[in-house]
Amino acid sequence: MKSVLIIGLGRFGHHLCADMVKLGNEVMIIDRDEAKTEDLLSIATSVKVGDCTNEEVLRSLGVGNFDICFVCIGSNFQSSLEITSLVKELGAKHVVSKANRDIHAKFLLRNGADEVFYPDRDIAERLAVKYSANHVFDYFELSKDYSIFEIQPKKEWIGHTIGEANIRAKYHVNIFGIRAGSELVVLPRTDYIMKADDHLMVVGLTKDIDRLLASMGK
């Protein structure tokens, strides 16, 4: 469990709060518009109303006590930049800020953000990958170089064990899970026999997974 501060309650901030709470984290939320906090009163650990461009408001939150501080302001970049900088100056351990453009990300990283995220761009990229590849059920980018893909097994793997298919040696990717109907097999053994309707969860360098997909007629 982590202690989380979320500043800004647009659509993304709302979803982030709900998901963080579901995962067992303690979440404080704050927005200058009280109406935006009302539907989260029953689930957030703590709810505040205030303008976080005001240093005294931020100071009163004790930002240094949180494991992660999210700055989720997308409509006003100047405010996002000011708050990101202030949060870091006040001792925040880890600041994650929302960016809409690459130039915004550069300024945020230079002025206190430890990480930036692009929710709209990231969702668009994920959908593009998922629906462009015939054998991909889902996709998640772990970093610039590494990804997780949920894929079909290759035709020649069906009826054979993971060990017999020699997937790691041939493609340099690892199968860390298999979804078989409603069942999820985590860290499957090498003697697991793959079936046509299995969903394989593979992790590795994105370029290696792309090479695997290309061999399947991506």
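This is a predicted model: local features need pLDDT of at least 70, side-chain atom pairs count only at pLDDT 80 or more; totals for chains, interfaces and linings use all residues.
**View 1. Helix α1 from end to end.** Helix α1 runs over residues 11-22, 12 residues in total. From its first C-alpha to its last it reaches 17 Å. That is close to the 16 Å expected at 1.5 Å a residue.

**View 2. The buried face of α1.** Gly13, His14, Leu16, Cys17 and Met20 are the buried residues of this helix. Down the axis of α1 they fall within an arc of 165°, so they line one face. An α-helix has 3.6 residues a turn, so residues three or four places apart point the same way.

View 3. Arg11, His15 and Lys22 are exposed. They sit on the face of α1 turned away from its buried side. Gly24 follows α1. The phi of Gly24 is positive, near 90°.

**View 4. The buried side of α4.** Helix α4 spans residues 102-110, and its buried residues are His104, Ala105 and Leu108. These cover an arc of only 100° around the axis, which puts them on the same side of α4.

View 5. Helix α3 (77-89) is among the elements covering the buried residues of α4. Strands β5 (95-98) and β6 (115-117) also belong to this cover. Just after α4 comes Gly112, with a positive phi of about 120°.

Terms used. Residues are numbered from 1 along each chain as its sequence is written. Side-chain values use heavy atoms; hydrogens and water are left out. Helices (H or I, at least four residues) and strands (E, at least two) are DSSP runs, numbered from the N terminus. The expected span of a helix is 1.5 Å times one less than its number of residues. Buried means under 20% relative accessible area, exposed over 50%, partly exposed in between (1.4 Å probe, protein chains only). The arc is that of the directions from the helix axis to the C-beta atoms. Contact means heavy atoms within 4.5 Å.
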